[in-house]
Amino acid sequence: MNRVEGRDKVTGQATYAYEYDVEGVAYAFVVQSAIAKGRIRSLDASAALTTPGVLTVLSSADRPELGDTDDPELAVFQGPEIAYHGQAVAVVVAETLEVAREAARTGVRVEYDEEPHDVRLRPDHPGLYRPKVVNPGFPSRTEKGDVEAGLADAVVTVDEVYTTPALHNNAMEPHATIAVWGPDGDLTLYDSTQGPTGHRDITARVLGLPPERVRVVSRHVGGGFGSKGTPRPQAVIAALAARAAGRPVKLTLTRHQMYDMTGYRTPTIQRVRLGADAQGRLTALDHDVAEQSSTLKEFAEQTTVVSRVMYATPALRTDHHLARLDVPTPSWMRAPGETPGMFALESAMDELAIAAGMDPIELRITNEPDAEPGSGRPYSSRNLVACLREGAHRFGWARRDPEPGIRLEGRWLVGTGVASSTYPAYRRPTSASVSVLNGDFIVRVAAVDIGTGARTALTRIAADALGASPEQVRVEIGDSDLPKATLAGGSMGTASWGTAVVRACEALLKNGGKEATADTTDEVGEAADFARHAFGAQFAEVRVHADTGEVRVSRLLGVFAAGRIIAPKLARSQFIGGMTMGLGMALMEQTITDPDFGDFLTDDLAQYHLPACADVPAIEVAWIDEEDPYLNPMGSKGIGEIGIVGTAAAIANAVHHATGHRIRHLPITPDKLLI
Amino acid sequence: MRPFDYVRAGDGRQAVGLHEPGTMYLAGGTNLVDLMRLGVAEPDRLVDVGRLPYDRIEPVPDGGVRIGATVRNSDLGAHPDIRRRYPMLARAVLSGASGQVRNMATVGGNLLQRTRCGYFQDVSKPCNKRAPGTGCPAIPGEHHNLAIVGHSDSCVATHPSDMAVALTALDARVHVTGTGGDRVVPMPGLHRLPGTDPQRDTVLEPGELITTVELPAPPVGRSTYRKVRERASFAFALVSIAALLDIDSDGIVRECRLALGGVAHVPWRAARAEDALIGSVAGEEAYAAAADAELALARPLPRNAYKVALARNLITSTLRELAP
């Protein structure tokens, strides 16, 4: 099934947040802090205010009134303290974007009392502590069995440190808001968000409004990858600016500003210790991470939680440590936790296979657990082994000589690698309605399509549930006035929304009337206690230039077991997109922090390298049919994130196979291979 | 919005006449417009020279070629004579930027583009090139893709052009016009090392305008351009090389041209390597000796020493590939 809004998108008819035509609109531009830590001593906006075309300036000097200020990233302009470089300190509202931007640049004089900042994460940082929970609510530390004894008894061990850099989501559409206050004090926000309902609730709370007075519209969203999963400061600033100006206000962050104000993936420093017996069975697994958050908020990426999911071991310890630095608050980026965690774990498993003289696929199969190692819960379904075997078959793994550094084609060293991937199958309460109109069906749910194809998948799901053709179904999403829904995040959108849509459709068929609604709160809450995860096996073939250290990925294959695949064409795109993002993480993506200035240096698309088309081979994607009755009425697991999870490790393992060099610190740039 | 005048010049003389202090020439705008948006360049007036009649690629009687300053990079890279007779130039041009950028970018503008050093492009930070006397934060800071040769305590920026590296190897002659009349600037020689005044990228005087780049007849030999970067396309070079090699029937190097990109404030003609090679017996030993002769000049910074190894490998492996 093709994307139902595909024609709108390619013909420019699809309206994104900044593009709504609003009468009398004014334009806002954010002024950011020039220091990483300290206080604003004085803020003088008089030059901006006397600039022709400028309507107003808001800053902490005005301390605009807010409701709930518990979230310091959203409680904008409430005080003089500066917690990170690039924090919003003022906003200029003007008749045009150009005037607003220029007045923001030259007309707002900010003086600071600067304090020394600390922006560098290091494994011996004195501020490292164990957070109580890690995202989204896991315990920080788990321990089962005797890890030290398991390591002492092991025939082979691995004890290595792996690091991943700070990474930025870089959605194509910037974070943008149009705020419109109605005559009765109601607020409409056209916003680029991954969850209209949650956005409305949070923004209303921050603004001190009841949620029914706020409406969030986001009919089309140009990517988010987690960075639009919660409201960002620009939404609150736009609302305050519109209130102060007495006009609707448009506010978009520039690409540079997105680097500071919309979240990023924390850098990680991970230590993995593995022990195995002579047969390759794990005797111990110890996975620890040091990572960062801001001084404003605790966000602890769940980096080592994957080790509670993957492999059977009698002794398992996972732990998280966090340093609070003078940096922006990190946040969700495609498969937070799984992505950096599996780079480390799956690199270490490759190292263990080599140390044990085993094939890396066989090592993983040897350690296939009967139940989830961390919790002891049974899996609703787990087909990692099937993915590994199917992938090995498709990739031609049987022909592989494990000896590293011996295949030279011209001046290119060739190698192959494998890694597992995993991602949880979540579901959250959602409501939906379906009504009959002239023989067609209108499905309503406050879901959102961030480019994944959600609108299309829901059309398919509703058509199947109604026994109708997709042409008879119109799905309305992207508006908080629709029945409340969870966000497009955690790969749970389709599962959550789809459950509600199916139940509403079933109710309609049962009542035979014109309309039916459903709320899945009870159903989701009563779900049986299983460990629910998708799994995958990812294979890479790389070519590394023997003289220059350039790495080219010549083959990338992902085989996934993710329940029933609802919309194959769009699912393939999701897997390919995830794997492409994983390729970027493996080879080139990194946000460099300047220790002296305390800011992100590589903060645009020229300096932060995302893969170009020339970097990306024809990616092969396959999936195995997986029947799992414990998920949801569609039998589906999420697919938006798992594609990225194992890619970087598969590529790093292939680089080792090609060259004999183990790169434990991403990205794998040529300098690291010029030894 | 900072106001500025925009005028389109009809010919070179008029363009020069329109140039006053605070004026900048605009052609494809692929670099200047970015710099204006960033606040790095703040001209009072733009004189648009993009449509001046310097848009031709023509043979000259001595066997060389004359390339107009407003020839688009994409047209230069695709030109049959350039591809056939100056393959290193065609390859260099096509390895730069993206198809869309090359469609806009001109030969003259490509030579005069500014460094992409992150500190230069960020007006909130000191930079001797942008704001003389403020200091160079790249030296203690982020410099993993900055210079290893010819830099100074004032500046460690690199020149970003690929095309200029090939032109440097090909002994290009840059024709300029200005209020003082016309003159010819040889390459190497157009770009200058940073010294204590890194704000000056080239030897051009204010108001001087590049009209033509002239290449002598191509030297005999096999040639290529090879660029190493952190992604396969649309990235600046870590190190690049324009190379030509001609070996006689006795195995003696008769002609050699070597220029490096990504290593210096200028497209770096590797004259010491050339001198070491010409007249010696072609082979691994000579290639390595040539590379070492050039890289003896290298003074890498703490985080870009890999470039010395990379440049060495690139010189030797490119020469190896060019040897028949």
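A residue is classed as buried under 20% relative accessible area, as exposed over 50% and as partly exposed in between, using a 1.4 Å probe and protein chains only. The structure is a predicted model, in which local features need pLDDT of at least 70 and side-chain atom pairs count only at pLDDT 80 or more, whereas totals for chains, interfaces and linings use all residues. Side-chain values use heavy atoms, with hydrogens and water left out.

Zero disulfides were found over all chains in a search of the whole structure, a disulfide being a pair of cysteine sulfur atoms within 2.5 Å. For B:Cys127, the closest cysteine sulfur is that of B:Cys117, at 6.1 Å, which is too far for a bond. B:Cys155 likewise takes part in no disulfide, the sulfur of B:Cys136 being the nearest at 5.9 Å. B:Cys127 is buried at 8% relative accessible area, and B:Cys155 is buried at 6%.

In chain A, helix H5 (residues 196-207) packs with helix H6 (residues 233-245) at an angle of about 50 degrees, their axes lying 10 Å apart. Helices are DSSP runs of H or I with at least four residues, numbered from the N terminus; axes are lines fitted to C-alpha atoms over the stretch in contact, and angles run from 0 to 180 degrees between N-to-C directions. H5(A) is therefore oblique to H6(A), a class that holds the angles left over when those under 35 degrees are taken as roughly parallel, over 145 as roughly antiparallel and 65 to 115 as roughly perpendicular.

How values were computed
Residues numbered from 1 in each chain as written. Chains lettered and ligands numbered in written order. Helix = DSSP H or I, 4+ residues; strand = E, 2+ residues; numbered from the N terminus.
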